[in-house]
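Below are some short notes for a reader who has not seen this structure before. Please read them alongside the model.

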Amino acid sequence: MNRVVVTGLGAVTPLGHNAAAYWDGLQRGVSGLGPITLSATPEELTQKVVAEIKGFDPLKHFDERELPTLDRVSQIAIVAAREAIAQSGIVFDLSLSVRTACIIGSGVGGMTTLDDTYRRVYRDNKKRVYPLSIPRLMVNAPASQISMHCGLRGPAFVVASACASATHAIGLAFHMVRSGAVECAVTGGSEACITFGTMRGWEAMRVMAPEVCRPFSIGREGMLIGEGAAVLVLEPLERAKARGADIIAEIVGFGMSADAGDLTAPDVEGMSRAMQWALEDAGLSPQDVQYVNAHGTGTAANDETETRALHKVFGNHARSLAISSTKSMVGHALGAAGALEMVATVMAVRDGVAPPTIAYLGPDPACDLDYVPNVARKMDIDVALSNSFAFGGLNAVLVAKKYS
Amino acid sequence: MSDVANDVIAIIAKKVRVPNHPKIELSDRLEDLGLESLDAVEMIFDLEEKFDIQIPYNANTTRTEFDTVGDVVGAIQKLVDKKNS
C-alpha cells in the first residue's frame with residue numbers, strides 16, 4: 001500500500017480564482033456572498049444572495065473556438081486542474097498519462113447550458129437549440145474536459161452524490177493511488193448551477209437563508225448556494241520524494257456511509273459511521289484529530305445533527321476539537337463543496353491554521369462545540385477531517401495528515 | 001368553517017401519516033398528524049398553488065409559527081385577504 005500525498009492544488013472560488021487567493025480569503029474570514037448575477041431574470045427570484053465566482057472571464061483561459069464546447073462547470077474545472085497540475089510539477093507524458101486517474105465530483109453538471117436550452121425552447125419558443133448542448137451539459141463533462149485539456153488517459157469519470165460528490169471522488173482517487181491501481185490522480189469537484197431554474201428549485205426546498213449563512217450559530221437561518229471548482233493532484237509518497245516535489249499534506253483515510261433513512265433529513269448514525277470508517281481507514285483514533293472542516297451548511301437540522309454526530313464519534317475529545325464551516329464564506333458549492341473543503345483542510349494541516357466560521361453570533365444550545373468563531377486560529381494540526389453529507393443520505397469523510 | 005379552512009384541511013389531510021386519523025380539527029398539531037419536514041414543504045407548495053399566493057416559509061426558522069392546523073389556516077386567510085384587498 002502506498003502512502004498518498006497531495007502535491008498540487010487548484011481552485012476557482014467566490015474568494016478568488018486560484019488556490020492561494022482562496023486560502024488567503026478563508027484565513028482572513030472574507031465573505032464571498034453577494035447578489036445573484038448569473039441567473040437570467042434574477043429580479044423574478046425571491047432569493048437574492050448567493051456566492052458566485054466573481055469576474056471569471058473564460059476568454060482569459062480559453063480560445064474563443066473552444067468555448068462552444070464548455071459549460072461554465074467545465075471551464076472552472078479545467079482552470080483548477082491546470083493550476084493543480086502546474087503546482088505539482090508533473091508532466092503527463094504518454095506512459096504516465098495512461099496510468100493517471102481523473103475523478104471529479106459534480107452534482108448536476110452543465111446546468112447553465114440546460115437552463116439556457118430549456119429557456120430557449122419553452123420560454124422563447126425557439127425551434128432549435130445549440131448543436132453542442134448535450135455534450136456541454138452532460139454530468140461527466142468536467143472529467144471529460146479535464147482529461148482532454150490536460151491529456152489524462154487513465155480512468156476518468158464523474159462521481160455524482162449531490163453534496164458529497166467531490167468527497168466521494170477524492171476518496172476513490174485516494175484509494176486507487178494507495179492501492180497502486182493508478183500512478184497519479186487528478187481529482188476534485190466542480191459545480192456551477194446558479195441558474196434561474198436551479199434557484200427556483202432551491203427556493204422551493206425552503207432551506208435557504210435570506211442573506212447570511214451562519215453555520216452552528218444562534219439565529220442561523222439556513223444555507224446559501226455557492227459555486228466553484230477545486231482540484232488536487234495525488235501521488236504516492238515515494239514518487240513525490242523521488243522527484244523532489246513539494247509535499248503539501250498526506251491523505252490517510254476515507255469513509256463512506258448511507259443513511260438508508262430520510263431523503264433530506266440528516267442522520268446522526270450515518271454521519272457517525274462515515275467519520276468512524278474514515279478514522280479506521282486511516283488507522284487513527286478520535287484523539288488523534290485536532291481540526292474538523294464540518295459539512296456545516298447553516299441549516300437548523302444539519303448543524304445540530306452534525307454536532308451530535310461529532311459528540312458520538314469523539315466523546316469527550318469533541319470539546320477539544322476546532323470545528324469550522326468554510327461554507328460561511330463561500331456558500332454551499334454542492335457537488336464541488338467537498339473539494340473546496342478538502343483544499344481548505346489540506347492547507348489547514350500544512351499551515352497550522354484553522355479557518356473560521358464567520359457570521360457567528362453566539363452559541364446555540366444544540367451546537368455546543370468550538371466552531372472557531374469569526375477569526376482564524378493558529379494551532380498545531382496533525383490530523384484533520386473533512387465532512388460531506390448529501391441529500392439522499394450519502395455521507396463521505398476524508399482524513400488529511402500533516403506531512404513530516 | 002370558512003372555505004379557506006376547508007381547502008387548507010383538505011390539503012393537509014393528504015399529508016397525514018397517522019393511520020385512521022379522525023377528522024382534522026383546527027387545534028390539531030401538525031407534528032401529531034405525522035407531518036415531517038418534507039411534508040410541510042410540500043403542503044406549503046400545494047397551498048401556494050391552490051390560493052395563488054406566496055407564503056414566506058423558511059424550514060429553518062418557521063417551525064414554531066406553523067404549529068397547529070389553525071395556525072396554517074390563519075396565515076393563509078391573511079395572505080388571501082391581502083391578495084384580494
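How many of the 15 residues of α13(A) are buried?

1. This is a predicted model. In it, 13 of the 15 residues of α13(A) are buried, so the rest of the structure largely encloses this helix.

2. Helix α13 of chain A covers residues 337–351. At 1.5 Å a residue, its 15 residues should span 21 Å, and its end C-alpha atoms are 21 Å apart, which agrees. G352(A) follows α13(A) and has a positive phi, near 65 degrees.

3. In chain B, helix α1 (residues 3–13) and helix α3 (residues 69–84) have axes that come within 9 Å and cross at roughly 125 degrees. That makes α1(B) oblique to α3(B). The crossing of these two helices is right-handed.

4. On the α1(B) side, the residues that meet α3(B) are V4(B), A5(B), V8(B), I9(B) and I12(B). Their partners in α3(B) are V69(B), V72(B), V73(B), I76(B) and Q77(B). By class, this contact has 9 nonpolar residues, 1 polar residue and no charged ones.

5. The axis of α1(B) also comes within 10 Å of the axis of helix α2 (residues 37–51) of chain B, and the two cross at roughly 140 degrees. α1(B) and α2(B) are therefore oblique to each other, and their crossing is right-handed.

6. Where α1(B) meets α2(B), V4(B), D7(B), V8(B), I11(B) and I12(B) face M43(B), D46(B), L47(B), K50(B) and F51(B) in contact. The residues of this contact divide into 7 nonpolar, no polar and 3 charged.

Definitions and conventions: Residues numbered from 1 in each chain as written. Chains lettered and ligands numbered in written order. Predicted model: local features only at pLDDT ≥ 70, side-chain atom pairs only at ≥ 80, totals over all residues. Heavy atoms only, no water. Axes fitted to C-alpha atoms, helices over the stretch in contact; angles between N-to-C directions. Helix = DSSP H or I, 4+ residues; strand = E, 2+ residues; numbered from the N terminus. Parallel < 35°, antiparallel > 145°, perpendicular 65-115°, else oblique. Left-handed = near helix turned anticlockwise from the far one by under 90°. Contact = heavy atoms within 4.5 Å. Nonpolar A, V, L, I, M, F, W, Y, C, P; charged D, E, K, R; others polar. Expected span 1.5 Å × (residues − 1). Buried < 20%, exposed > 50% of the residue type's maximum accessible area, 1.4 Å probe, protein only.
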